[in-house]
Amino acid sequence: MKAPLAPPTPEQFTSRLRSPAVAARVGVWLGVSFGICFVTGLVSHYAQLPTPPIPFPTSPSWGYRVTQGLHVTSGVAAIPLLLVKLWSVLPKFFERLPLRDHRRLLLAVLERGSIGVLVAAAIFQLATGLLNAAQWYPWTTFSFRTTHFAIAWVAIGALVVHVAVKLPIIRDVLTSDIEASDHDRATATTPGALSRRGLVRTTFAAAGVAVLATAGGTVPWLRKVSVFATRTGEAPGGVPINKSARAAGVEESAMSGDWRLEVLVDGVVAASLAYDDLRAMPQHTADLPIACVEGWSAQGSWSGVRLADLLGAAGAPADRDVTVTSLQESGPYRVTTLPAGFAADPRTLLALDLSGDRLALDHGYPCRLIAPNRPGVLQTKWVTRLEVGT
Amino acid sequence: MRTRLAIGAAGVLLGLYGAFLFLSRQDPGQWLEVVLWLGAGAVAHDLVLSAILVGVCLAGTRLLPRPWRAPSLVALVVWGSLTVVAVPVLARGGARADNPTLLDRPYVATWWALSAIVVVAVALAGFVRSRRARGGE
């Protein structure tokens, strides 16, 4: 007799649904999702480099929006895929190690280890990404951005190792009928409530439903069905707010009448402009999205002063990076670097208006930066200083 | 075999680069919490969620008449995934009083409504399938 709480053995799992045939089919799409997440994540990190070796392009203006929308939707789709994938291979978790045969033991420990790393890293990436989309940071010491980036490499590395280990089985089951049982455990013979094909289709449906329920934060026409989107877009000018003026501590400094925009060239103040001075300059309008890797984006019709005009009037050379400083007192994005290509693009504005109305305080009043194809966190709000080096 | 070794080696290199980034870009004081989170996620899935699912599936096969099982399983996969995805918005851990544009929907009420729809859909499908099964005898 077994003790009632003893861990089960793989033989005790008898459902035909827990099989390599299901695991491989769901796994292929899980791998695709992780691949998209990984590449689009790299794009975001590259776009945030202050001085990238190859300049990040300013066109298409919606490029960053699309890649980061893909990042979040593929991450959400991966959640049902990962849950069913892990469910289908659960009996493996209870396999005994071959303790007597040292060679096989070593291989088994290595493989288990790589799967342990893969599972932990995959769950970590999906969980922290999901929490980040809702701006919820329940951890206390580590930085989301740095850690999510590092663990992404670990996850993708462990995934590639896993594919290498399983390649013969993957190849075999994918080229056979889904109901074929060549690679099944001997005891996996009880028919499931669904056929294997039915379970795989249900999993894809679950991934689709999860995407529909959340993607409205970045796909405007899905807003009505995206009941679990973190943002609906009901905000001034139809553009959500990530950090409020209060959170940034700029309520007083932005609203005080003595705000000025300083333009420094070579460390010397070349221009000091009041709000009305900016208003008096030629105004331009650009329809540009603002997009955040947190899974939301919105199109805005921005109007204001063309940055290149402003820098030209101050006598700054055109082909230089620009250091942009915000009124906000702290935070990693208080000071950012705008690469020369973005500064020179005619669509890059110091926006004063959004959708024809004066910029809301939470959107960056008196003026904010808006540039095409640029990460949202770098579209600096409450701009107070521009510095150009020679 | 050579292909697999090459792929495996590439995977090890990618993973080691991640480990290097992890160790080099933050202080040792931050490592411990990351490792705890990594472990907690795996435990939460492998021991807690898996055990719950095994229990639910066992209960389902014991308690539910056969025609009800397929709709119940479909509902469990779809509704369960959706619920996991919705945890951060249901818990509202990131809500901020100064930013009404974030988490601006009645998520909890929606979740209850969706859950009710799922229950009704399963009941309808189970009922229809039971009648059909009886008719076929």
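Start by selecting A:Arg197. It is partly exposed, at 38% relative accessibility (buried means under 20% relative accessible area, exposed over 50%, partly exposed in between, with a 1.4 Å probe and protein chains only). This is a predicted model: local features need pLDDT of at least 70, side-chain atom pairs count only at pLDDT 80 or more, and totals for chains, interfaces and linings use all residues. Residues are numbered from 1 along each chain as its sequence is written, chains are lettered from A in the order in which they are written, and side-chain values use heavy atoms, without hydrogens and water.

A:Asp177 sits in the loop between α4 and α5 of chain A, and A:Arg197 in helix α5, 20 residues apart (helices are DSSP runs of H or I, at least four residues; strands are runs of E, at least two; both are numbered from the N terminus). A:Asp177 is partly exposed too, at 46%.

Next, select residues 256–388 of chain A. An unreviewed UniProt entry annotates them as "domain: Oxidoreductase molybdopterin-binding"; such annotations may be inferred rather than shown by experiment. The span is 14% helix and 44% strand, and its end C-alpha atoms lie 26 Å apart.

Stay in chain A and pick A:Asp319 with A:Arg320. Their side chains form a salt bridge of 3.3 Å, N to O. A:Asp319 is exposed, at 55%, whereas A:Arg320 is partly exposed, at 26%. Then go to A:Glu387 and A:Arg385, another salt bridge, with the closest N and O atoms 3.8 Å apart.

Now show both chains. The contact (heavy atoms within 4.5 Å) takes 72 residues from chain A and 61 residues from chain B. The two chains bury about 5,600 Å² between them, 74% of it on carbon and sulfur atoms (buried area is the accessible area, 1.4 Å probe, that two parts lose on being put together, summed over both). Highlight A:Trp136, A:Trp153 and A:Phe228: they supply 12% of the area that chain A buries against chain B, more than any other three residues.

How many salt bridges are there between chain A and chain B? The count is 0. Over all chains, the whole structure has 11.

Finish in chain B with B:Ala133, in helix α4 (residues 107–136). It is partly exposed, at 38%. Its C-alpha atom is 9.4 Å from that of B:Arg66, 67 residues apart along the chain.

Technical notes. Salt bridge = Lys/Arg side-chain N within 4 Å of Asp/Glu carboxyl O.
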